[in-house]
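Notebook open, model loaded. I want to look up helix packing, salt bridges and surface, in that order.

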Amino acid sequence: MIRFIIVLSCLIQFSFSDTITINNAFEKTLYKSTKKVFSSSENLSIKSIQEKEFSNTKKSNFAKTPNYIWTKFNLVNNSSKSQELFFRNLRPGIDYIDVYILKDKKVIDSFLLGDLRPYNEKRVLSRKSIFSFNFEKNSSYEIYIKYQSIGAITNQWEIFTPHNFFRVETLESMLWGIIYGIFISLIIYNSVLYLTTKNTAFLFYVLSTLFSSLYLLTLNGVIYQLDLGINLYLITISTWYFAYLYIVFLLIFIIKFFNEQKDSRLYKLIRVLILFQIISILLLSIGFYDNSYHYTTSKIDIFSLLSFLFIFLISIFEFKKQNNYSIYFLIGQSIYILCFTYYTLEVIGVIEALQYSWLILPIGLLLEVIFISLALNAKMHTVEKEKEEIEQHLLEQSRFTNAGRTISYIIHQIKRPISQLGSQINLIEATSMLDKRNLTSTVEETLPKIKSTLEYINEVNHSVDTLFLNPNGKESFSLSNQLNILINLLNDYLLKYNIKVNKELEDIDINTFRGSLSNVIMVILENAIYELKNLDKARIINISAKTIDELVYIEIEDSGNGLDCEKIIFNSNYTTKLHQGSGVGLSLAKIITEKKLEGKILAKTTSLGAKFILKLPIR
């Protein structure tokens with residue numbers, strides 16, 4: 001308890017004093033007193049600055065300026081031993097920091113720190129500016145610090161003993177590893193979703209996440225720490241490039257995610273915002289080639305905050321459309337806009353920096369990325385549900401279509417038998433009235449024909465039962481018999497167009513949905529007849545059925561012109577029938593085969609023409 005009171009009193013003392021006092025109980029503190037400050041447009045030497053009068057100020061966070069800012073404080077080691085201490089500036093991203101340690105008005109050590117300093121000039125490689133020094137016991141020191149940066153500057157320093165310094169550095173490195181592990185996982189996961197779904201919303205989400213993570217890496221000094229051999233000033237400028245590219249891809253993502261139409265006001269607003277980001281990048285490029293001009297171009301940084309405000313308003317507008325997935329996007333943007341606003345005001349020097357404020361933006365951005373990912377998944381589930389409903393509707397529609405089509409074929413098939421039956425009855429009736437002597441012989445001769453005609457009509461009628469009996473359940477039936485029934489239904493068309501059908505059918509009993517299978521086969525046969533009917537060559541359809549490894553293979557091949565579009569033949573909007581077809585037939589056949597029959601359907605071009613292959617489980 002006594003130790004806690006001592007440490008607490010030290011913290012209070014360090015927070016409001018120009019002198020840091022080190023005693024035996026010292027472990028760590030945050031020095032944030034900035035009462036002594038001097039600003040100069042000239043690059044003064046340490047000898048010259050000692051002669052200058054420092055002004056008092058309560059600020060510790062300074063807005064970006066081309067001037068050099070000097071601060072100074074005293075340190076007294078009252079402990080009973082020499083004490084090595086590590087000093088770490090609170091903010092990464094400060095370009096140049098020169099530290100001078102004086103004892104008895106003489107410089108005894110100096111440190112060249114900052115992001116733009118070469119790696120070989122830094123004694124400690126870290127994402128922040130760090131120096132260490134061994135302070136002798138019962139000694140007092142003066143510490144002068146010179147700052148120069150194109151960004152905001154903070155004069156707050158964390159002071160650690162060696163043990164606490166390495167512990168904090170290790171913990172922060174682990175935390176950054178976790179943060180970027182999540183980023184990388186989300187990028188990989190949504191990249192896979194893009195490759196599988198071809199939905200460009202996932203692609204632009206991946207790009208926005210990539211550039212936002214790069215922005216965090218540079219803004220928090222992680223890339224500087226890695227010593228990648230990249231030009232340090234280029235890394236500094238790239239920080240803002242990454243930020244604006246992140247906004248650009250986020251805006252494009254919004255267009256794709258919410259399916260904004262080109263004639264909508266929201267689409268036009270987003271297009272203006274994208275144009276503004278591009279202009280901002282061009283202005284920053286001017287600053288890249290002219291360092292003095294960068295202080296002018298960097299004033300546009302505040303407008304990135306306005307871009308996020310617009311994105312936040314867009315998320316509210318989309319939420320009002322009552323899309324169930326837009327709530328995730330709104331939550332993500334709400335969290336990020338709060339974090340980004342606070343951090344931006346701190347970075348540009350409007351508000352004071354906090355010791356752990358570096359966590360605010362990474363956590364806000366991480367939560368935004370996670371919630372956008374949730375929104376994407378929610379939308380994907382919504383789209384999948386809608387797709388399933390559409391497919392179910394198509395399956396139901398196909399049943400009625402199949403029924404109507406089959407009835408049409410049956411009516412066409414029994415027209416001639418009914419006509420024949422009528423003629424045979426008229427013959428008996430006329431003989432009865434005009435030639436009764438030959439009535440008996442005429443009846444004996446005609447009755448077998450009537451009986452044959454009635455059997456044919458009965459057989460055609462039976463095909464209705466076999467096609468639509470128990471449509472919602474599986475049943476066992478002879479595949480060859482079913483194929484023969486389907487071919488018979490189309491017999492008049494086959495004769496009309498002089499199409500020869502070759503059959504090679506094994507005696508197979510299959511257990512599946514009879515009506516659904518019949519529908520798929522009828523679609524393929526109808527397409528084959530359509531392709532063959534106008535050809536000036538042999539018109540042939542080969543049908544085979546066989547079993548291989550517990551699978552039934554049904555192959556239907558025609559002597560047409562083949563397929564020039566095997567990859568899109570089953571697309572719902574593809575048709576070769578011009579104004580005579582909708583393109584739904586084969587698409588529906590694929591859905592029925594995969595969803596209802598639990599099989600596969602393939603299409604390919606052969607030496608004869610086109611071949612469709614159905615692979616179905618026997619049971």
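This is a predicted model: local features need pLDDT of at least 70, side-chain atom pairs count only at pLDDT 80 or more; totals for chains, interfaces and linings use all residues.

I looked up the axes of helix 13 (residues 479–489) and helix 15 (residues 514–532): they come within 11 Å and cross at roughly 50 degrees. For the handedness I noted a right-handed crossing where helix 13 passes helix 15.

**Helix 13, burial.** I stayed on helix 13 and checked its cover. Eight of its 11 residues are buried, so the rest of the structure largely encloses this helix. My list of the buried ones reads Leu 479, Ser 480, Gln 482, Leu 483, Ile 485, Leu 486, Ile 487 and Leu 489. Asn 484 also sits in helix 13, but I have Asn 484 down as partly exposed, because its relative accessibility is 24% and buried means under 20%. I also looked up Asn 484 against Leu 505: the two are 21 residues apart in sequence, and their C-alpha atoms are 9.6 Å apart in space.

**Helix 4 and helix 6.** Next pair. Helix 4 (residues 200–219) and helix 6 (residues 232–257) pack with axes 8 Å apart, at an angle of about 155 degrees. Over 145 degrees counts as roughly antiparallel, so that is what I wrote for helix 4 and helix 6. Helix 4 passes helix 6 in a left-handed crossing.

**Salt bridges.** My search of the whole structure gave 14 salt bridges. I started with Arg 88, whose side chain meets that of Glu 158 at 2.9 Å, N to O. This pair links distant parts of the chain, 70 residues apart: Arg 88 is in strand 6 (residues 83–89) and Glu 158 in strand 12 (residues 157–160).

Are the two partners buried or exposed? Arg 88 is buried, with a relative accessible area of 1%. Glu 158 counts as buried as well, at 2% relative accessibility.

Arg 88 has another salt bridge, with the side chain of Glu 169, at 2.6 Å from N to O. Glu 169 lies in helix 3 (residues 162–197) and Arg 88 in strand 6, so this pair ties together parts that are 81 residues apart in sequence. Glu 169 comes out as buried too, at 14% relative accessibility.

One more pair for the page: Arg 117 forms a salt bridge with Asp 98, and their closest N and O atoms are 2.7 Å apart. Arg 117 lies in the loop between strand 8 (106–113) and strand 9 (130–135), while Asp 98 is in strand 7 (residues 96–103), so the bridge ties together parts that are 19 residues apart in sequence. Both Arg 117 and Asp 98 are buried.

**Surface.** Which residues make the nonpolar surface patch? I found Leu 269, Leu 306, Leu 309, Phe 310 and Leu 313, together about 400 Å². Helix 9 (residues 301–319) gives the largest share of this patch, four residues. Phe 310 is found in helix 9, and I marked Phe 310 as partly exposed because its relative accessibility is 35%.

Methods:
Residues are numbered from 1 along each chain as its sequence is written. Side-chain values use heavy atoms; hydrogens and water are left out. Patches are made of residues with over 30% relative accessible area and no salt bridge: like charges are joined within 9 Å, nonpolar side chains (Val, Leu, Ile, Met, Phe, Trp, Tyr) within 5 Å. Accessible areas come from the Shrake-Rupley method with a 1.4 Å probe; for residues, only the protein chains shown count as cover. A salt bridge is a side-chain nitrogen of Lys or Arg within 4 Å of a carboxyl oxygen of Asp or Glu. Helices (H or I, at least four residues) and strands (E, at least two) are DSSP runs, numbered from the N terminus. Buried means under 20% relative accessible area, exposed over 50%, partly exposed in between (1.4 Å probe, protein chains only). Axes are lines fitted to C-alpha atoms, for helices over the stretch in contact, and angles run from 0 to 180 degrees between N-to-C directions. A crossing is left-handed if the near helix is turned anticlockwise from the far one by less than a right angle, and right-handed if clockwise. Angles under 35 degrees count as roughly parallel, over 145 as roughly antiparallel, 65 to 115 as roughly perpendicular and the rest as oblique.
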